[in-house]
Amino acid sequence: MSKAPVKNEIELQLSETHFFQLLDLIYLGNWMVTACSGVEDEHAQEYTDVEKQMFSHAEPFLEKGPFHTLNSEIMFTEEHEDSLQDIIGEYDNEVFWEALAYRMAKRDVIEQIGPIKEIKNEVFMQIFHREMEYIREFETNGIKRITIPPLQ
């Protein structure tokens, strides 16, 4: 008895709304992968190729979806990209404050207890509590009370 060949493709059935949302997610994911990569990054190019392939399926929706063509490629309109950039901006803002709070908290704890090889539960909890203090501070005052000594 022989096995049927394995098919390496899948077929999705999506509503029009879900298809548009999937393209939003693909755009956002590809933006994250490619935002900090170089033009010649193979990994990033693979994701861009997938994005282009998925957008090619939007041809039937050119007239009623948030799409236009440029050089024979289907892509989001500038207005729709701007709305997605708002989501990216909110994400970036949240990540900035959380990363800043964590890094400052970790710095403070290491200054207090000395260098550490790995973060164990007790140290993690110290960092976490200090991080929450910074988050409350940033929510209340933003950067108003952050000071940096003069640069040499």
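Asn-30 is found in helix α1 (residues 16-35); helices here are DSSP runs of H or I with at least four residues, numbered from the N terminus. The model is predicted: local features need pLDDT of at least 70, side-chain atom pairs count only at pLDDT 80 or more, and totals for chains, interfaces and linings use all residues. Residues are numbered from 1 along each chain as its sequence is written, and side-chain values use heavy atoms, with hydrogens and water left out.

**Asn-30**
- Asn-30 has a relative accessible area of 7% and is therefore buried (under 20% relative accessible area, 1.4 Å probe, protein chains only).
- Leaving aside neighbours within four places in sequence, Asn-30 is in contact with Ala-44, Tyr-47, Thr-48 and Glu-51 (contact means heavy atoms within 4.5 Å).

**His-80**
- His-80 is found in helix α3 and, at 18% relative accessibility, counts as buried.
- The side chains of His-80 and Asp-24 make a polar contact at 2.6 Å (a pair of N or O atoms within 3.5 Å, one able to donate a hydrogen and the other to accept it; residues adjacent in sequence count only if both atoms are side-chain atoms).
- Apart from neighbours within four places in sequence, His-80 is in contact with Asp-24 and Pro-66.

**Helices α3 and α4**
- The axes of α3 (residues 78-113) and α4 (residues 121-141) come within 8 Å and cross at roughly 130° (lines fitted to C-alpha atoms over the stretch in contact, with angles from 0 to 180 degrees between N-to-C directions).

How values were computed. Helices (H or I, at least four residues) and strands (E, at least two) are DSSP runs, numbered from the N terminus. Buried means under 20% relative accessible area, exposed over 50%, partly exposed in between (1.4 Å probe, protein chains only).
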